[in-house]
Amino acid sequence: MHNIEKIRAVLIYARICVIAFILIGCKAGDGKGLDANGQPLVEDTPEPVIGLFVQIQDDIFTARCIACHIGAQAPQGLDLSEGNAYGNIVGVASNQQPTLNLIEPDEPELSYLVKKIRGDEDISGGQMPLSGPPFLDDSQIQLVIDWVNDGAPPPQVATPAEFVAELSDFSAYGSWSAIDYSIGATNNALGGAHQAQDDNYSRRVYANALALTATDSYPNGSIFVKEVTSWQNGEREFSAAGGLLAMVKRGGEFNPGNSGWEWFELNPDVSEIVGRGGNLMDDGCNTCHSLANSQSGGRDYVFEHPSEYQADNSDFADFRSWSEIEERSDQNPLLGGMAHGGDNPDSTRRIFKKQLYANPDSMEQGYPIGTILVKEVEQEGVIVEITAMVKRGGDFSPDHQDWEWFMLDPDSLEIMLDDNGDETRGANLMDGMCASCHSQANPDSGYGKDYVFHHENDPFNFADMAIFTRLKATTNN
Amino acid sequence: MNIHITALALRPKVAIWLIFACLLSSQLAAEPYFAVREGLKCSACHTNITGGGQRTDFGFVYPQTLLPAGKSTFSPKLNDHLLIGGNIRSRYGYTRFDEADAVEGASTEPVDFDNTSSFEVTNGTLYIGAQFTPDLLFYLDQQVAPEGGRTREAAVIWKNLSGGSYIKAGKFFLPYGLRLEDDGAFIREVTGFNFDNSDIGLEVGIEPGDFSFSLGVTNGTQGSGENNKDKQFSFVGSYIQRSYRLGVSYSTNEAPNRQKSTSYNVFAGVNWQNFTLLGEVDWIENENGDQQTDMIATLFEVNYLVNKKTNLKFTYEYLDPDDDIDENERVRGSVVGEYFLNRFSQLRTGIRVYDAIPQNSLWNQDRFFLELHLFY
């Protein structure tokens, strides 16, 4: 072997040794500061949580299952991590044997998960956990069976006798679940509160984890935070009149006539509690929120979230006075040969947006509920078609982001009636063509956001940010 | 990440790229070690291009060149159009658990486990390959033991398309990393790319010259019903030489409720005299809403060919289940002996030692096993 080849061989194997050294140079952790599941010890007193499912989560799912069953790639699509497990198993059909639910409340012998951890003869695949033996011991399996026999209730949180909120309880609200995002008067009870009469302002509501667990009245410690914001020069701006508000279920002897709720006004940067109490805003909070009940939507002083806005003829009557966000006469290849006069080169299409500052700034929520856009098509000086899309919200059309589609009469500007006298509106108007076509407006395609295509004067749904520069110049002038 | 040598106390991502750089700069150049030892692609021995399962004609003949067949004239090729195959692994296992240390202030109590001793059928599988044309194949990989049956793979495979490419459609194991037999290896267990999980979709690939590329587009639900419009993308690419190979993998998958998993790895294999070395480093990012957990899993495996019938395997594995939490790492070391009784059977025995935080008994165990593996 030549010297160069020898040197090359030595270098190659030296590199192998380096790699091997790195790979085997890692040792097990000493577990300092961790609990038995390898999670950091919690210094503060944890929220007291009770119920068999909590024990199942800690002792079985977290201890044994989430080594594999976690995340978007969990085996069988079954994520058993804390906060996800319950919703993924109770009343959910098994993938391996779809005729059985993973957990069938009150029926352990019909619950496939019970069969899998027992290793019954009639399961598909192997007994779980995959890492067994050891599999779950008899007492752990019995724990699951007992919970199923109890009706498989969700994790329950022990309610503190009284929860007195501090500023720190609100500091992370932005990471909580955003349960509503709306604009305009989406709820009759709103009146003029929370800038409901000003189309420049949107409302976003967040709920803490405890509030999300409530099935009837809210447990003490439940917190809801509401942002009321607009946009100026591309920057989000909180309303000067209650831009950041909160309601906290305090309980105990506090505000007994109003279910123990305490009301808060906070600085927008959460640096200070500006005001708090049981009768904040001269009792306006109590008065208004007491209307949240089964008749009006909602319960226990909390209105129904997400909101739902059902448009009627009055919503479209003055659409030409709204912000015109685009007028186009050129051929638009996205329209194809059919929609909105796309097959006629002499068509002019105008799009009006009721709330110019309705901003689809969140992928999950898109445009705020209550957003209305109207498109009219003019050919040879005559309006030949008017269509509208309204972000209705609620659970109206979950497959299509809860948009409702309308056809309007070009003369009366009212919702057209079909041959049966029914209004031409709905989630699947035009045999679903509206929703299908507009679904292409998304960030992945680059055509728009939340079922709304780019329009040059929509400040939040334009292909670039030049509009902000123009808006800023307009404001400065 | 906890590393013995202070000078190498690297961030996991840095370690991955250091290893990758080492592999690249060296121009270095399943059981995946067979493929590495022979310098062959997985598709040389397996009907399924990405490895595992039924063997090809070559894969069936290969042991004959090394091992005595006894008096058998058995052939899994029933006729020109139908090929069968199978595997069964029966084993005796004994597991000893350490006693868990109690932790003051912990909200969860350590749990101790009794030692176990058991006979098991860890896996029994039947394969059927129906060859409609020389290039068009229906392939079925059906698990029949333990417990109830389960279809692991059922796919149409269309080979020898333009440029040597292929298409696979149906249910199949996703292309990603080294396809080790041992699903308990950290790189198999925590990535979810193992023989317990397959998915439904389409795979395309091409094997030009010394390269092999496969891309899978699947539902991303690990075989359960689709629950969203997003798809999982899994990719593995390898550069294969007689004495070494080098590969990379990537997978991304979005699920409802703002969940997303992204995995990527580098892997390599090299021959040196009677030694065959394998290595893989995986980085896994699990997003759940605003929370993200980063994991790192590694494998280092040395195979020593004692003689034609006997292989000795040493492995060392490392798992950091959450990069943001210190001192929670786990390691696993194995010594395994594999002896071919003949070209249909193999005796395997070994010890696997698990080491982790002392307060968890389950993660601190020693496993002994003796396994009879029949294959055809």
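Which residues do ring pairs link into a cluster? In this predicted model, in which local features need pLDDT of at least 70, side-chain atom pairs count only at pLDDT 80 or more, and totals for chains, interfaces and linings use all residues, side-chain values use heavy atoms, with hydrogens and water left out. Residues are numbered from 1 along each chain as its sequence is written, while chains are lettered from A and ligands numbered from 1 in the order in which they are written.

The cluster is made up of Phe211(B), Phe213(B), Phe235(B), Tyr239(B) and Tyr244(B). Over all chains there are 29 aromatic pairs (rings of Phe, Tyr and Trp, the last by its six-membered ring, with centres within 6.5 Å; planes under 30 degrees apart count as stacked, over 60 as edge-to-face and the rest as tilted). Phe213(B) and Phe235(B) form a stacked pair, because their ring centres are 6.3 Å apart and their planes lie at 15°.

Charged ends also meet rings here (NZ of Lys or CZ of Arg within 6 Å of the ring centre and within 35 degrees of the ring normal). Arg204(A) places its charged end over the ring of Tyr181(A), 3.8 Å from the centre, and that of Arg188(B) sits over the ring of Phe195(B), 4.8 Å from the centre.

Turning to the cysteines, the structure has 0 disulfides over all chains (a disulfide being a pair of cysteine sulfur atoms within 2.5 Å). For Cys285(A), the closest cysteine sulfur belongs to Cys288(A) and is 8.4 Å away, too far for a bond. Cys42(B) is likewise in no disulfide, with the nearest cysteine sulfur, that of Cys45(B), 8.9 Å away.
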